[in-house]
Amino acid sequence: MKAVFRGARGVLLMLSLLIVTGAVGDAADTASINEEALRRSVGQMIVIGFYGINNTDPGFHHVMEDLERGLIGGVLFLARNVQSKLDLQTMVREVRQCNCSSKPLIAVDEEGGLIERLGERYGFRHTPSPADIGRSSEENARSEYERLAQKLSDIGFNMNLAPVVDLNTNPTNPIIGSLDRSFSRDPIIVSRNAQIFIEEHHKKGILTTIKHFPGHGSSSTDSHESIADVELSWSPEELIPYQHLIGARLVDSIMVGHLANTPKWGGVATQDGSSAINQILRTDLKFDGVVLSDDLSMDAIRSKTSSFPDVIRSAVKAGVDIIIVSRLNDDDEGLDTGLYVNSAILEGITSGEIERSSMEKSEQRIKSFKYSLRNNLSPEQSPKRVRK
C-alpha cells in the first residue's frame, strides 16, 4: 500500500509541479506581452533620424524594423538623407507602406531659404526664406506655401517641422535672425504668415509644427551648440504668435526649444524642472495638443554630467509628448537609435521615475494627432482631444 501511496503522491506532486510551472510560464508570457505593449505605447512618443540616402542602406533598414516593431512612431528626414529625388521618394513610399499598427509620422524640416532640404540642387523648386516672405504680400505668401505644401505632398511627407514663429528681435541671432528664419520683428506679421503656411499645408493633408517655444528670436546663442539663456532678452511679446494661432485653432503641434529663463520658467524648457510646458503652454495658453522637443541630439542638451538616457527621460518629465532624436552621435550609422530611445523611456516608466499617467496622456494626444492624418482633419477637429 505504501508503494501505491508513494506512487500516487508522486503523481500528485508531478501534477502540482506542472501546474505551478505552467502558471509561472503564463505569468512570464503575460509579463512579456505587457512589456511589448508598453514598448509600443512608448514608441508612439519617438521620432528619430537616420543615416542613409537610399532604401538599401543599413540605417534605413533599422528605421523600417523599428517602425514595424512599434519601437518608434515616426521618422525625420534631414539633408543627409537627400541625394536624389528618386531615392527620397522610394524611401518615403516604403515608410508609408510599412507594416505598422499606427500610421507613421514622416517628417521633414522645410522652412524655405537656407533651411531647405528639398532645393533646386535635387530638382525641386526653391522656396524663399521666411524673412523674404514676411516682406512680401499675403498673396505671394499663399502662392509660395501652396507650392511648398504640394512639393512635400508629392513626395509623401505628412509632417513639416515648421513654420518658425520666433520674432526677429535680435537680427544678429546666429540661428534665427542671421539665417532669415523669422518672418518679422512684428508678431502680427509673424502670426499672419504662419497662419497662411499652416492653412496651405492643411489643404494637402500635412501636419505642421510651430517653433521654437517659448521664443528663440531674442537669443544670442545657437542652441545647436549650447543652451540659449534668454533671461535678459526674452519678452512676453514672443508668445503672441502662439496665442493667435492657438486661439484660431490652427495649431497641430508645438516644438519646444532648448531655452533657459530662470525667472520666467526655470531651467531649460525641454528638461525637468522647467514650467515652460506645463504652466505657460498648457495652463496659461490652454494648448492641449502635441508638444515636441527640439532635437535632443543638439550639443545644447547633451550634458557632460548626465547620461543621454537621463536627458531623454527628463524631457518626458518636463511634459514633452514626442521626443526627437536625430542621431546618437556623429558615428552612429550602425546603432539602433529607436531601440535606444525607447529603452531609455521604458526604463523610466517601469522604475516609476516617469508617471504612467503622463505617458498615457501623451499617447492619447498623439492618437488624436494621427487621427487627423487618417481623416484629413486638423487635430483640433479630432473627437478625442485630451482636455485638462
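**Reading a predicted model: surface, sheet and cavity**

The accessible surface of the protein comes to about 16,800 Å², and 51% of that area belongs to carbon and sulfur atoms. The model is a predicted one.

User: How much of the protein is buried, and what secondary structure does the protein have?

Analyst: Of the 388 residues in the protein, buried residues make up 55%, and the secondary structure comes to twelve helices and 13 strands.

User: In which order do the strands of the open sheet lie, and which are the edge strands?

Analyst: Eight strands form the open sheet, in the order β12-β9-β7-β6-β3-β2-β1-β13, and their pairing is parallel. The edge strands, each of which pairs on one side only, are β12 (290-293) and β13 (323-325). At the β13 end, strand β1 (residues 46-48) pairs with β13 in the parallel sense over three bridges, and I48 stands opposite V325 in β13. Further along the order, strand β2 (residues 74-77) runs parallel to β3 and is joined to β3 by four bridges, with L105 in β3 as the bridge partner of G74.

User: Which way do the side chains of strand β3 point?

Analyst: The general idea is that in a regular strand the side chains alternate between the two faces of the sheet. In strand β3 (residues 105-108), L105 and A107 point one way while I106 and V108 point the other way, and all of these residues are buried.

User: Why does D229 count as partly exposed?

Analyst: Buried means under 20% relative accessible area and exposed means over 50%, with partly exposed in between. D229 has a relative accessibility of 47%, and therefore counts as partly exposed. This residue has its place in strand β8 (residues 228-229). D229 lies eleven residues from S218 in sequence, and the two are 9.7 Å apart in space, C-alpha to C-alpha.

User: How many cavities of 30 Å³ or more does the structure hold, and which residues line the second largest cavity?

Analyst: The structure holds three cavities of 30 Å³ or more, and the second largest cavity has a volume of about 50 Å³. Its lining is made up of R40, Q44, L67, G70, I72, G73, C100, S101, S102 and K370.

Technical notes. Residues numbered from 1 in each chain as written. Predicted model: local features only at pLDDT ≥ 70, side-chain atom pairs only at ≥ 80, totals over all residues. Heavy atoms only, no water. 1 Å grid on protein atoms, 1.4 Å probe; cavity = no way out; pocket = protein on both sides within 12 Å on 5 of 7 lines; lining within 4 Å. Points joined across faces, edges and corners; volume = space filled by probe spheres on them. Helix = DSSP H or I, 4+ residues; strand = E, 2+ residues; numbered from the N terminus. Buried < 20%, exposed > 50% of the residue type's maximum accessible area, 1.4 Å probe, protein only. Areas by Shrake-Rupley, 256 points an atom, 1.4 Å probe, with all protein chains shown as cover. Pairing = 2+ DSSP bridges.
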